[in-house]
Amino acid sequence: MPEAYEQAIGAALSDEKLQSAVYSSTARLMNKRKEVVAAGVLPDYQELREQARAIKKHTLDNLDYYLEQFEARVTANGGRVIWARDGDDVVDFLTGLAKEKGSRRVVKSKSMTTEEIELNGRLEREHLEVVETDLGEYILQLAHQRPYHIVAPALHLTRYDVADLFADKLGVEREVEIEKQTMIARRVLREKFLAADIGISGGNFLVADSGAVVICTNEGNGRLATTLPKIHVAIAGIEKVIPRAQDLPTFLKLLGRSATGQPLTVYTSFLAGPRREREADGPEEFYAVLLDNGRTKLLADRAKRESLYCIRCGSCLNHCPVYRKIGGHSYPWVYSGPIGAVITPQYQGLLHDAWLPFASSLCGACAEVCPVKIDLPKLLLALRSEIVKSRAAGKGTTLERLAFRAWSWVMRHPGVYEMLGSAASAIAGDGGIPAPFRRGPLGAWLKGRDLPAIPQRSFRQMWRARKGS
Amino acid sequence: MAREYILHKTRTALGRNVGQPPAAAPEARIRVPQAGMEERIESFRQALEKLSGTVDVADSPAAARECVARLLCGRTAVASNAPVLAECGVASIEGVRAGIADRKELRAACAAAGAGITGADYALADTGSLVMISSPEEARMISLLPPAHIAVVPLDRMLTGLDELFSLVPAPAALTSSMLLITGPSRTADIEQILVRGVHGPGEVHVVLLQRYTQKEEA
């Protein structure tokens, strides 16, 4: 693990305030989810998961067909589809569009996909004013931080952090009451909405048979961003497509429940192109940007293709004992938690963040709660295996391989195992592992782990004694 | 160029050819439950009240008008051109502006009003949701910009839930550029997971269910 991450994790673990914030927030989200997927409340929960998974599998296995269908329907609705290989393509399109329309002011609703390509900073460098309008994202934009969590981006900050931030950046009086802080943001952002030329949203689902982008939000900023400005640009990964509008009940029932324990988010917007001829309002122009950014590479890997089924509910984060301890900023990329550990190495290159798939106890809680039944532990194991193999081919870590070879030999020789056990017990005595052994490679291994005390008598010895008596 | 690149990479990854039809898709899962109107109203009420919305049942257009006036409580409002609002005579309530045709004017009026009054195409009993299909009669802004939203919904528009909605409207894009589900007041919990209503959208949602004469007879 690179030292920078080790330090970040160490800092997260020793920050009591942060530990309690992350622990209690994720616990609340876990409990809320549990209430609304209970058998008495949603008897067909398991069937819905099966269905959602089957639909995702089918769509991704035939992705080119559904992408072309989506494009044809968007065009028929009077909108345009923009294909983007990566963030550069997205930025080129947006800056070109802004220039052509003489626009400078952009409002954004929350989108992990745009975080992935660091859109805000790049547009700002092109002299556009970009304002995040989801409350959590707005706070993070002011603080120059990236999201801590897929659905609760500012989960790690307290009202006091927000009070300082607003006072500093907005020049308002320091306000620690959360309701009043929210109203300050409402007031500031409402002005931004009314003045904006372009509204950028993400997309929870792209509906192929309708040419529609579906966004699920709670605050209403997603609606404002897609209603008030003359131009709406939706940016979504190519894996977000689903075949039919009639598939939405399945996914909508799972998404809100898994994310925040809501049967439906407050607003579910089904947006099919620009305002029609006689409609009272809505944007005049509609663009759907389909982003690849590594997804087609992942698609080619049959065994790990299911990583693309993810609907970004964040449930695996909330249930992950590792995420809950080390927090979202200890992960190297915008996607954290189990799904982050699975997709980061696949998007960024296997050896770029090679330590990540190993930072898991493989407890399986994530797979149990995933609404599309992604087998996350299996994917983590597959990644580990690939990483180890590619290392063995390269320079590799000789020490680790030797250690495991020795371990394997010892485990196959019970006599030796027992001898070493007695030796360890004799050396350790009552005081645990003696200091000299806490240096070197063993020390590094022990730094983050507690080894249980070595018993004075082994199980075998006790067993023999019992048989003898 | 990017288009061909992405489609080519996708097809190569999947081993598919240009123009190859997809394998048979799993059937869409639509399950419409049976529920009587009384049961639906009760479920709608429970779901919306849990989110701090309110539900009234009015047994005549005049009663619905009274109800709206009471909910407005003296606030100014913008009303949509929904036929049900005209039927109830909402426009004659003091402080209510209706029939705004100019887009700029509508926007300014909505930004300044204390409440927005709309109809709704459907209501969903199991989640307490309103279904708003954007049209010449129904602007999106009225249920969005003002701090309170009042919707008058004829009872025969009460569906059991999402499955029934998408069985009745399998292709929303054929009707409109925007179909919106509203489930309770705008909310956030982005700071310390403390719930605050009305962050960007309306912090109040009131639904008046209108039982028409014919329906009373049927019942």
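This is a predicted model: local features need pLDDT of at least 70, side-chain atom pairs count only at pLDDT 80 or more; totals for chains, interfaces and linings use all residues.
Let's begin inside chain A. Strand β6 of chain A, residues 212–217, runs antiparallel to β9(A), and the two share 5 bridges.

As a reminder, strands of a sheet pair through backbone hydrogen bonds, either parallel or antiparallel.

Zoom out and you get an open sheet of 8 strands with mixed pairing. Reading across, the order is β8(A)-β5(A)-β6(A)-β9(A)-β9(B)-β6(B)-β5(B)-β8(B). So what stands at the edges? That would be β8 (241–242) of chain A and β8 (158–159) of chain B; each has a single partner strand, so one side of each has no neighbour in the sheet.

On to the interface as a whole. Chain A puts 95 residues into the contact and chain B puts in 71. Together they bury about 7300 Å², with 57% of that on carbon and sulfur atoms. Which three residues of chain B supply more of its buried area than any other three? They are R29(B), I191(B) and H200(B), with 12% of what chain B buries against chain A.

R29(B) comes back when we turn to charges. It forms a salt bridge with E47(A), and the closest N and O atoms are 2.7 Å apart. R29(B) sits in the loop between α1 and α2 (37–50) of chain B, while E47(A) is in helix α3 of chain A, residues 45–61, so this pair joins two chains. Another one is K253(A) with D163(B), where the closest N and O atoms are 2.5 Å apart.

On the chain B side, the elements supplying at least two residues each include α1 (2–14), α5 (103–112), α6 (162–168) and β9 (178–182). α1(B) gives the most, with 10 residues. By class, that side of chain B has 37 nonpolar, 20 polar and 14 charged residues.

Last, back to chain A for its domains. The assignment gives domain 1 as 62–244 + 269–294 and domain 2 as 402–468. Their C-alpha centres lie 56 Å apart. That's what I've got, thanks.

Conventions. Residues are numbered from 1 along each chain as its sequence is written. Chains are lettered from A and ligands numbered from 1 in the order in which they are written. Side-chain values use heavy atoms; hydrogens and water are left out. Contact means heavy atoms within 4.5 Å. Buried area is the accessible area (1.4 Å probe) that two parts lose on being put together, summed over both. A salt bridge is a side-chain nitrogen of Lys or Arg within 4 Å of a carboxyl oxygen of Asp or Glu. Helices (H or I, at least four residues) and strands (E, at least two) are DSSP runs, numbered from the N terminus. Ala, Val, Leu, Ile, Met, Phe, Trp, Tyr, Cys and Pro count as nonpolar, Asp, Glu, Lys and Arg as charged, and the others, Gly among them, as polar. Domain bounds come from an automatic or database domain assignment. Two strands pair if DSSP finds at least two bridges between them.
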